[in-house]
Structures are given as C-alpha cells and as structure tokens.
Amino acid sequence: MSRRKKLYEGKAKILYEGPEPGTLIQHFKDDATAFNAQKRATLEGKGVLNNRISEFIMEHLNRMGVPTHFIRRLNMREQLVREVEIIPLEVVVRNVAAGSIATRFGIPEGEPLPRAIVEFYFKDDALGDPLVAEEHISAFNWASPQEIDEMIALALRVNDFVSGLFAGAGIRLVDFKLEFGRLYDQNDMPRVVLADEISPDCCRLWDMATNEKMDKDRFRRDLGNVTEAYAEVARRLGIMREMDSANGAGETTGAGETVESEQDKA
C-alpha cells in the first residue's frame, strides 16, 4: 500500500492528499490543546467522536444547501473533503456570554446576549488569534467585503440550524467557531464554503437543565471526563447507541463501530 502524503498537521487534525484531484483526507487526532497549545493532552477516542459529530452536522448542512467542504466519512477517524483555500480567519458566533466576551465586557457568564453576535479573529497562534474588525480584514486583504458578508450570512444560518439541532437534544449552543475557505470552479471563480469541523472541540455546549459543560471547556478547566461528555453529545444526537457497559462494550456508532467508554479511564 502506498504511503499517503501528509500536507498539513494541526493541533487536532492532519490533512493528507486525497484520492482524486481537488480532494483531501481529513484525519481527526486524539490530541487536545488549549490556551494556544500551552496545555496539551491525548484523550483516547476524542478524534472518533469529533469525526462522527462533525459528519452528522455537515451532512445536515449540505442537505439544507449550506456549501461545505465535506464529501463523506471514510472510516472512524477520517473524512473525504474538498480542497479549499482557507481564509485566515476564525468566525465565532456567540449566543450566550461565556469565555472572552464575558471577560471583555464584564457580562456574567451564562447571560443570554441580545442577539447572536459574529466576531472575527485572525488565525495566528503566535499572536494569540487576535480579535479583528471588518476594517482590518478588508485593509489587509484577508477577505473581500463580499466574502465578509457571505461568511456572516452563512455563520448566522449555521447558528440557527445547529442551535435548534442541539436544543432538540437538551443542549444549549453557547458559542462556536467556524472556518471558511474558497472553492474555485472551472473558471477559477471562488465561492465561500464552510470548512474545518463542527464538534465539541469548537463549540461551547451546556446541558439545558443543569448548565453542565459538555465541550472542550472540560479540558480547559480541568473538569475531567472530557471524552465521556463528547460521547454524551453524540448519544443525545442519536449518532451513537449505548451498549451494555457492564460487559465493557463502551459505545457503538450507528454503523456498528465501537468506541471505548471513557468511564474506565476517568
């Protein structure tokens, strides 16, 4: 079997050359990082869960006409995606005060915001991914005014759908991060598409009844049971079925693939 060509390795994923021109293989790692990679750990099974949750959401978005890079899932850890030119911005949608917005404006954590707020951050770990305004984006040519408008419109559309999806599972979508890329057609005309992933790694998810955190804040804040929380998100979304934990079977995906239970490792 030929060795795959690695094109890029990030904190949570690896990109390999795809089987056809214009495609990539996106591999989900078990690595967890926080605070610009100052805190690191390996959480067994995290990559499998993120792969399945992101697949589930991206498939729904594709069906409702939101353009994404997602093509299909290949196996427990990998997806086939379209190759895009990543726009160097993180687009954050906030519904509830938490994290940096609570600190910046002195808003109590958990207070609902007047409306969904879209923020842009420049993707640069060395600079700490600074918050930027639309004026910076245009002046430095990171994206055109039209692309900015498209990213905002798509981000709000994704927010409306994903908020409802999680609410139906008893989960509040507090905020989340998106990344976008340019997909070029045969005439080299670009269009903006959703890229990267949507998973508990890039969303703040709280139980609607208890406000218990079900996302990477469990890792950031040393709350423990990180992968167990991710598995609960997948279970509530109907992606995974519980098996007989007494037999140590862990969790099983809808395709019959098993994921080791985190209870024995907590």
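Select α1 and α6: α1 passes α6 in a left-handed crossing (the near helix is turned anticlockwise from the far one by less than a right angle; clockwise would be right-handed). Helices here are DSSP runs of H or I with at least four residues, numbered from the N terminus. The model is predicted, with local features needing pLDDT of at least 70 and side-chain atom pairs pLDDT 80 or more, while totals for chains, interfaces and linings use all residues. Numbering starts from 1 along each chain as its sequence is written, and side-chain values use heavy atoms, without hydrogens or water.

Helix α6 covers residues 226-236, and its axis lies 10 Å from that of α1 at an angle of about 25° (axes are lines fitted to C-alpha atoms over the stretch in contact, and angles run from 0 to 180 degrees between N-to-C directions). α1 and α6 are therefore roughly parallel (angles under 35 degrees). Show Lys46, Leu49, Asn50 and Ile53 of α1, which meet Thr227, Tyr230, Ala231, Val233 and Ala234 of α6 (heavy atoms within 4.5 Å).

Next select α4, residues 145-167, which packs on α1, residues 46-63, at about 130° with the axes 11 Å apart. On the α1 side are Phe56, Ile57, His60 and Leu61; on the α4 side are Val158, Phe161, Val162, Leu165 and Phe166.

Finish at the largest pocket, with a volume of about 1500 Å³ (on a 1 Å grid over the protein atoms alone, an open set of points where a 1.4 Å probe fits, with protein on both sides within 12 Å along at least five of seven lines; lining residues have an atom within 4 Å of a point; the volume is the space filled by probe spheres set on the points, which are joined across faces, edges and corners). Of its 49 lining residues, Lys11, Glu90, Asp129, Lys177 and Lys216 are the closest to the centre.

How values were computed: Helix = DSSP H or I, 4+ residues; strand = E, 2+ residues; numbered from the N terminus. Parallel < 35°, antiparallel > 145°, perpendicular 65-115°, else oblique.
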